[in-house]
Amino acid sequence: MKSDLIAAIEAGGTKFNCAVGTGPDDIRMRTRIETTDPTETLREVFAFLDQASKQVGRFSAIGVGSFGPVDLNRGSDTYGYITTTPKPGWKYTDLLGSLGEIFHVPVGFDTDVNAAALGEYTWGHGRACEPLIYITVGTGIGGGVLINGKPLHGALHPEIGHLLIPAIMSDAPEPDGICPYHGSCLEGLISGPAIAARWGFPADTFAPDHACWGEFSTLMALGLSNLILTLSPQRIILGGGVMHQYHLFPMIREEVQRLLNGYIQTRELIEDIESYITSPGLGDDSGLLGAMALGIQAQQ
Ligand code: ADP
Ligand code: ZN
């Protein structure tokens, strides 16, 4: 087992989480940097890496999991860039830039959610699950997919957060979704800000029996059922701030079973749905530790 130090960067729209260590039980140093403009944020990230290498020792690889969309195609001129993001100031940002050159180490790179899936696959609730899907529900919604333990890329990479969901009959004061591209997609309807915009108050203020959670479970279950039918995952892990509402898990599971209506007869769905649709084993660190796992892979 390799135990070289790895630097991990989870690049998020609100904050960058950075750490140096070897795994979940051995994080030697970590920090949280607010996401402002690319120059300032990346300067702080570089400063942390520099300080960490002096304080805890030189790291032998860097792993980066980033919000996107990102260019994952190594042959492309914009490999390592955040590309068409609507986030102000971050369109076509060269994220990897000179990271590897400055620190003279290999750099692994993927989406934040592919990284989170890899973190869960390596150390969390996704071990040996082929395929594995990880979805985060927070400021946005994103989903990563691992097939045979490898992040699925493809023409771009999965954009599960933008699955198109019909704005079904809703009791929400504002029934339409808020995605600037699609209006009513998963992210436009049930991300944290979407719940706040559509139901009138921040998502964390609603009681567990509020109607917004019934709607949330129905819409999330629609998305998950389509993913189950398409990719046949062996497990789906749901993380992110909104999924701290743990009462949602049984509601979503029940709705998935209702929608699939006995058509898919797998042990996972029928006998063990508690493990099938589940929370992250690494808590809120799936993405950061996933970035560490990307760094470990980049070494090999
Ligand atoms: P980010 O997606 O920015 O990385 P989070 O995953 O914490 O960060 O998501 C933030 C969003 O999740 C906000 O819209 C917030 O209102 C919502 N949120 C955070 N905690 C909770 C909670 N316990 N219950 C419901 N919504 C929450
Ligand atoms: Zn959308």
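## Salt bridges

Arg-28 and Asp-26 form a salt bridge, with their closest N and O atoms 2.7 Å apart. The term stands for a side-chain nitrogen of Lys or Arg within 4 Å of a carboxyl oxygen of Asp or Glu. Arg-28 is partly exposed, at a relative accessible area of 42%, and Asp-26 is also partly exposed, at 22%. Here buried means under 20% relative accessible area, exposed means over 50%, and partly exposed is in between (1.4 Å probe, protein chains only).

By this rule, the count is seven salt bridges. Among them, Glu-34 pairs with Arg-32, where the closest N and O atoms are 3.4 Å apart; Glu-34 is partly exposed at 44% relative accessibility. Another links Asp-272 to Arg-267, with 3.9 Å between the closest N and O atoms. Asp-272 has a relative accessible area of 25% and is partly exposed, and Arg-267 counts as partly exposed at 47%.

## About the model

This is a predicted model, in which local features need pLDDT of at least 70 and side-chain atom pairs count only at pLDDT 80 or more, while totals for chains, interfaces and linings use all residues. Residues are numbered from 1 along each chain as its sequence is written, chains are lettered from A and ligands numbered from 1 in the order in which they are written, and side-chain values use heavy atoms, with hydrogens and water left out.

## The zinc site

Now for the metal. His-162 (ND1), Cys-179 (SG), His-182 (ND1) and Cys-185 (SG) coordinate the zinc ion (ligand 2) at 2.1 to 2.4 Å. Donors are N, O and S atoms within 2.8 Å of the metal (3.2 Å for Na, K and Ca); water is not among the atoms, so sites may look incomplete. Along the chain, the donors have the spacing H-x16-C-x2-H-x2-C.

The site is tetrahedral, with angles of 104 to 120 degrees among the four donor atoms; for four donors, that label requires all angles to lie between 85 and 135 degrees. Of the coordinating residues, Cys-185 is buried, with a relative accessible area of 0%, whereas His-182 is partly exposed at 37%.

## Around ligand 1

Ligand 1 is surrounded by 13 residues, and the closest are Thr-14, Gly-138, Thr-139, Gly-241 and Gln-245. A residue counts as near if one of its heavy atoms lies within 4 Å. By class, this shell has three nonpolar, eight polar and two charged residues. Nonpolar covers Ala, Val, Leu, Ile, Met, Phe, Trp, Tyr, Cys and Pro, charged covers Asp, Glu, Lys and Arg, and the others, Gly among them, count as polar.

Several side chains place polar atoms beside the ligand. Thr-14 has a polar side-chain atom 2.7 Å from an oxygen atom of ligand 1, and an N or O atom in the side chain of Lys-15 is 3.2 Å from an oxygen atom of ligand 1. Gln-245 has a polar side-chain atom 2.7 Å from a nitrogen atom of ligand 1.

Key
Tetrahedral: all angles 85-135°; square planar, octahedral: opposite > 155°, others 65-115°. Polar contact = N/O pair within 3.5 Å; in protein donor to acceptor, adjacent residues only side chain to side chain.
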